[in-house]
Amino acid sequence: MRTSCAISSGARPSGKCDPKGLHFRGAGNCATSPHRSRGRTARRVPAPKRTRTAKVTTSKTPQTRPIREYLVAHVHVILNQKGGVGKSTLAVNLAAVTADVLGAGTAKSAGGDGQPPVVAVSIDPQGSAVWWSERVGEDLPFDFVQAHDDLAGLAALSRIPSAQHVFVDTPGWLDLAEDDGTDPLGKGAAADALRAVLSNATDVIVPVEPEPLSFQPTQRTIERVVKPRGLPFRVVINNWDPRDGKADLTQTRAFVEAQGWPLARTVVRHYKLHTRASADGLVVTQYGANRVALQAREDFFRLALEVGLAAIPKPARKPRTQKKQGAKKKVNV
């Protein structure tokens, strides 16, 4: 049984376990956890109820708003009902290239906390991304957390201190219900985790493989899960093998365009490097300096640039309140 480690925002973890804490890679050793330490101070997602407020007086009406108006992370959810379409590969490698662009975080000597600005989160109970991160070990360029059983933490992903981007790897799920208006995510712990993540998502990346078997699950994911929630999304053709020719690629593009869905121009090509990366303990930015490795890296850097993952998030702003009807403006005569 995997147990979460205690996470604090200031001191190093003591090694004790906290069932309410998110377990970050690099959070220190835990007596009951299989994760190894990366030696960095771990972080806790602050509870919304503890947000302090401050009085901000304007020339018109005094207002009260949260004092915490600095950066709020972008939460990118990698989602498709179908399993085996490369969700973990996209989540981990997009996190790697984004961390490579943004750097390792502001040093403590410069007023920062030294934490990476990128976090990868897995809510897949199978834990394949956990095994991958452990194989990478100390060289993992971003923080990683397995949080499929931490609903409170998942609902506050955008408030992870110092994080600018959060990438969420999700499991596939089997929808046996008809389209009768019920929630296609179903019931259970995995469904609750998916709902918590989607309620906190900035956008959704929907990977699809260039094969007809991926079409229907992708359509159900977008039409029944993503669109009803009003979430921005983009379809990414993943794992295309150029040796198979362009027939499948062209058919997949035509299907996506016929649905009217936004389609990424970047196609992530199939390389043996990607399928071997988890076993070899590598992320895409750590591949060797040869032609094939450079081409494999290029796909993820192009995709990250295309969807704007390296952009610095804007501070959160409260929605403007509408003026009451019937209010009259003062006119000077």
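Guide: R265 is found in the loop between helix 6 (247-259) and strand 10 (268-269), where helices (H or I, at least four residues) and strands (E, at least two) are DSSP runs numbered from the N terminus. This is a predicted model, in which local features need pLDDT of at least 70 and side-chain atom pairs count only at pLDDT 80 or more, while totals for chains, interfaces and linings use all residues. Residues are numbered from 1 along each chain as its sequence is written, and side-chain values use heavy atoms, with hydrogens and water left out.

Visitor: Is R265 buried or exposed?

Guide: Buried means under 20% relative accessible area, exposed over 50%, and partly exposed in between (1.4 Å probe, protein chains only). R265 counts as exposed because its relative accessibility is 73%.

Visitor: How many residues of strand 4 are buried?

Guide: Four of the five residues of strand 4 (residues 74-78) are buried, so the strand is largely enclosed by the rest of the structure. In strand 8, six of its six residues are buried, with D203, I205 and P207 on one side and V204, V206 and V208 on the other.

Visitor: In which sense do strand 4 and strand 8 pair?

Guide: Two strands pair if DSSP finds at least two bridges between them. Strand 4 and strand 8 (residues 203-208) pair in the parallel sense over three bridges, and V77 has V204 as its bridge partner, while H76 stands opposite D203. Strand 4 also pairs with strand 7 (residues 165-169) in the parallel sense, over five bridges, with V75 opposite V166.
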